[in-house]
Amino acid sequence: MRQLVIFIRKEFLHVFRDRKTLLMLFGLPIAQIVLFGFALSNEIKDSRIAVVDYSKDAVTQRLIAKIGSSPYFNIQRTLASADQIDAAFKKGDLKMAVTFPAGFGDDVIHTGKATMQVIADASDPNQATTITNYLNQIVADFNTELAAGSGQPMTIVPSMQMMYNPELRGAPNFVPGVMALVLMLVCTMMTSVAIVREKELGTMEILLVSPFRPVYIIISKLAPNLLISIVNLFVILFLSDIFLDLPVKGSFLLLVFGSVLFIMTCLSIGLLLSINAQTQQAAMTGSLMGMMLPTMLLTGFLFPIENMPLALRLLSNLVPSRWYFIIVKQVMLKGLGIGAIWKELLILGGMCVFLFTISLRKFKIRLQ
Amino acid sequence: MEPVIKTDKLSKRFGPFIACNELTFTVDKGEIFGFLGANGAGKTTAMRMLCGLLGPSSGEATVAGFDVYTQTEKIKKSIGYMSQKFSLYDDLSVAENIRFYGGIYGMSRPAIRTKTTELLEELGLQQEARTLVRELPLGWKQKLAFSVSIVHDPEIVFLDEPTGGVDPVTRRQFWDLIYAAADSGVTVFVTTHYMDEAEYCNRVSIMVDGVIAALDSPANLKQQYGAATMEDVFYELARKAKRKGD
Amino acid sequence: MITLDHITKTYNKGKVLAVKDISLSVKPGELFGLIGPDGAGKTTLFRILTTLLLADRGTAVVNGYDVVKDFAKIRSSVGYMPGRFSLYQDLTIEENLQFFATVFGTTIEENYHLIKDIYVQIEPFKDRRAGKLSGGMKQKLALCCALIHKPAVLFLDEPTTGVDVVSRKEFWEMLARLKAEGITILVSTPYMDEARLCDRVGLIQKGSILSIDSPAGIVGQFPGDLYGLEAANTHRLLREARAYPGTRSCFAFGDALHVTFERGKEGEAVEWLKGKGLPDVKMERIQPGIEDVFIHLLKD
């Protein structure tokens with residue numbers, strides 16, 4: 001019994017003398033509480049919506065004003081006709097479009113019933129459900145207001161149409177997210193571990209003291225991971241097509257191009273991580289802590305980025321998977337072309353070049 | 001007097017491979033017993049069986065009177081062990097290491113305290129009681145590791161290449177400690193690659209290809225093989241080994 | 001061929017002194033042994049010479065190239081065997097050799113004659129993974145990999161540490177044969193007795209050089225006469241010999257003690273010891289070895 005106590009005491013001593021572990025043990029929970037408690041939330045505010053009003057009467061004006069004044073919505077565009085809705089969605093930032101048919105107000109006053117068309121971007125089904133609920137709530141309130149005024153029950157019915165994902169399946173949202181996460185993890189972890197393994201085994205010493213140029217060491221570490229990741233990519237796309245009924249709607253080549261850019265960015269992050277790690281364990285921990293958490297939290301597939309405090313929103317711009325997530329959604333789910341994603345491609349490309357240059361420069365050709 | 005270690009045809013097989021083949025020998029109390037052999041000859045396997053860490057395949061053995069098949073826990077309590085990879089924790093202080101091992105071996109707190117003071121004085125480490133082990137020079141670490149391995153006054157202490165890489169003066173100081181322990185009745189079972197250290201032993205056994213090829217005092221062995229030094233004796237026996245590749 | 005000029009190296013921002021003001025040179029075709037215990041600074045020197053570390057102060061030249069400015073040229077022309085048998089554990093002997101041959105832009109066949117004597121000993125196991133080899137075999141493989149490109153200089157950092165006596169002996173025989181091919185070899189080892197086989201030896205301890213000379217020259221540095229004392233009870237002899245008032249130094253060396261005495265005190269030693277319960281004690285003058293000199297130099 002006493003032996004147990006003594007052993008436990010020793011274990012405590014080990015833990016408290018290891019500063020890095022301590023930081024993780026105590027710092028992490030605090031960071032998480034702060035993040036989840038204050039910064040990340042599932043509430044969606046200021047969703048950008050478009051309105052098409054064929055009726056333009058008092059009722060629609062009131063309802064539109066009510067919707068616009070709600071903290072959840074931000075009427076970004078007023079379109080002249082419903083045909084423009086498709087193009088507006090394709091531009092990428094609209095979450096919902098509301099159409100009031102002609103004679104809306106008349107229908108309401110004379111029959112007590114009217115229908116408004118609502119089209120929501122359901123590529124993130126959780127978001128779509130949430131904001132359509134908000135809308136339902138607003139419309140229900142409006143119904144009550146109207147009924148109070150006229151003494152008759154009023155029913156304005158929002159007719160919902162979920163675009164890109166009519167059945168509100170989870171797959172369209174989590175598959176791009178998983179792709180980003182998996183590729184990111186595999187690339188950074190495998191690359192950093194592979195390089196650090198040479199350091200740990202001591203074979204790096206021999207490689208350095210040879211005519212073998214250091215840049216070849218880097219290429220030979222990156223090449224297999226690049227190949228494996230591309231294979232992984234194909235497997236995921238194949239599986240999501242066959243089993244999840246989620247085919248690539250847009251250009252396959254474009255998707256692969258964007259993915260390769262993302263993979264190379266992750267590989268160079270792995271390279272960067274390997275430079276300061278001395279043991280494989282440190283490399284793995286660095287990849288997990290350093291990359292997995294930000295990727296999960298700041299990519300946008302678990303928590304909407306628009307609602308994060310400014311600091312986190314700015315931070316998420318630095319996370320490559322955030323941009324890749326957009327690329328995948330636009331191309332794979334919405335079938336959009338390069339016009340919709342050129343900005344994201346450029347940003348990823350820039351990150352890739354920048355990270356590669358830095359990690360190549362910092363790669364240690366000596367042991368110190 | 002019952003020998004401290006007694007084996008009778010002790011063997012260990014790993015599948016078709018016979019690591020230790022019918023080892024039969026005894027070690028008496030207070031002896032310094034050198035256990036030599038090339039890498040792969042079966043030394044480590046034999047030591048592990050004697051320490052109660054590995055179950056034998058056949059044969060019999062008792063260590064400190066306890067059976068290696070059925071009483072391994074009692075064996076572990078009666079022995080000390082030190083290997084070249086150190087048994088001390090780098091991030092604990094000298095005193096903390098002593099306290100830890102003393103406690104693990106079941107020593108009472110007052111006993112640990114007394115022993116700690118004794119040990120520190122003996123090794124000249126009084127100023128370093130609070131120093132983390134990783135800050136100590138190699139030679140001090142090794143001497144400390146040895147002292148810690150016998151902190152609970154075991155009957156036998158197993159030393160696995162304890163003096164690797166240390167300067168010649170420290171090596172001899174280490175052997176002074178071994179002598180002192182043997183004088184106080186602790187049996188020392190030691191393996192080493194330094195052939196001059198083989199001469200410090202009362203008796204030496206040399207394992208070749210899983211079998212004990214020779215067992216006697218260094219003086220007798222040198223006479224038997226017409227050799228001037230233990231190194232020559234070892235060389236004579238080991239170069240005929242078939243198991244060089246393992 | 002190799003020159004170190006006032007090299008100093010510290011770690012941890014100056015807190016740990018690894019090597020202090022070391023100067024030495026190795027002639028072309030020489031077999032030079034760097035002898036010293038762990039922590040003496042051997043590995044640090046090797047790493048500076050193979051351009052893996054930068055010294056804080058001083059310069060070093062290998063094969064005519066500066067270790068800082070021309071490090072790439074040095075890296076292409078030397079063979080290096082670091083202290084931990086760094087080879088690829090999951091590749092076989094043959095695969096490892098092939099890999100290093102390719103890395104150095106050569107093939108196994110091209111320089112086979114250099115490694116032949118060594119390689120034939122491990123060739124029967126050429127399909128075995130390096131991780132499953134014994135210490136002695138790993139050592140031979142590592143040597144082959146370091147030699148495969150016919151380097152001008154060979155750096156071997158503790159190649160015999162942890163290996164049994166037989167393999168150690170064989171290894172040094174291999175080195176002697178390599179020397180005959182004209183390769184300059186710098187070897188480090190903690191085993192003092194291996195020094196005998198070198199052309200010259202550098203004794204190093206705690207970052208400083210204690211002495212550099214041929215083995216015979218080192219031995220010649222031993223001051224005064226050295227005596228060997230023997231008795232059946234070595235342990236008792238050790239105690240009593242230390243207690244003898246005329247003893248200057250007394251160290252155990254296997255079955256004998258190596259003792260030096262204060263001037264003129266050696267005459268009465270045997271009688272004195274006989275009186276202390278050591279009737280069979282014998283004493284004779286002996287030739288000092290490298291270890292005797294090392295211990296003597298350590299005391300200062």
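Mentor: In E13(C), C:Phe261 is the residue that stands opposite C:Thr247. The model is predicted, so to speak of local features requires pLDDT of at least 70, and side-chain atom pairs count only at pLDDT 80 or more, whereas totals for chains, interfaces and linings use all residues. Residues are numbered from 1 along each chain as its sequence is written, chains are lettered from A and ligands numbered from 1 in the order in which they are written, and side-chain values use heavy atoms, with hydrogens and water left out.

Strand E13 of chain C covers residues 256-261 and runs antiparallel to E12(C), to which six bridges join it. Strands (E, at least two residues) and helices (H or I, at least four residues) are DSSP runs numbered from the N terminus, and two strands pair if DSSP finds at least two bridges between them. The sheet as a whole is open and has four strands of chain C, in the order E12-E13-E11-E14, with antiparallel pairing. Strands E12 (247-253) and E14 (282-286) of chain C each have a single partner strand, so at these edges one side of each lacks a neighbour in the sheet. From one strand to the next, the twist averages 30°. Helix H10 of chain C (residues 290-298) packs on the sheet, touching E11 (226-230), E12 and E13 of chain C, and its direction makes about 130° with that of E12(C). Contact here means heavy atoms within 4.5 Å; axes are lines fitted to C-alpha atoms, for helices over the stretch in contact, and angles run from 0 to 180 degrees between N-to-C directions.

Turning to the cysteines, a disulfide is a pair of cysteine sulfur atoms within 2.5 Å, and the count over all chains is zero. The sulfur of A:Cys187 has its closest cysteine sulfur in A:Cys266, 5.2 Å away, which is too far for a bond. A:Cys187 is buried at 0% relative accessibility, and A:Cys266 is likewise buried, with a relative accessible area of 0%. Buried means under 20% relative accessible area, exposed over 50%, and partly exposed in between (1.4 Å probe, protein chains only).

As for the chain contact, nine residues from chain A and 16 residues from chain B take part in it. One salt bridge is counted between chain A and chain B, a salt bridge being a side-chain nitrogen of Lys or Arg within 4 Å of a carboxyl oxygen of Asp or Glu. A:Arg17 forms a salt bridge with B:Glu96, with the closest N and O atoms 2.7 Å apart.
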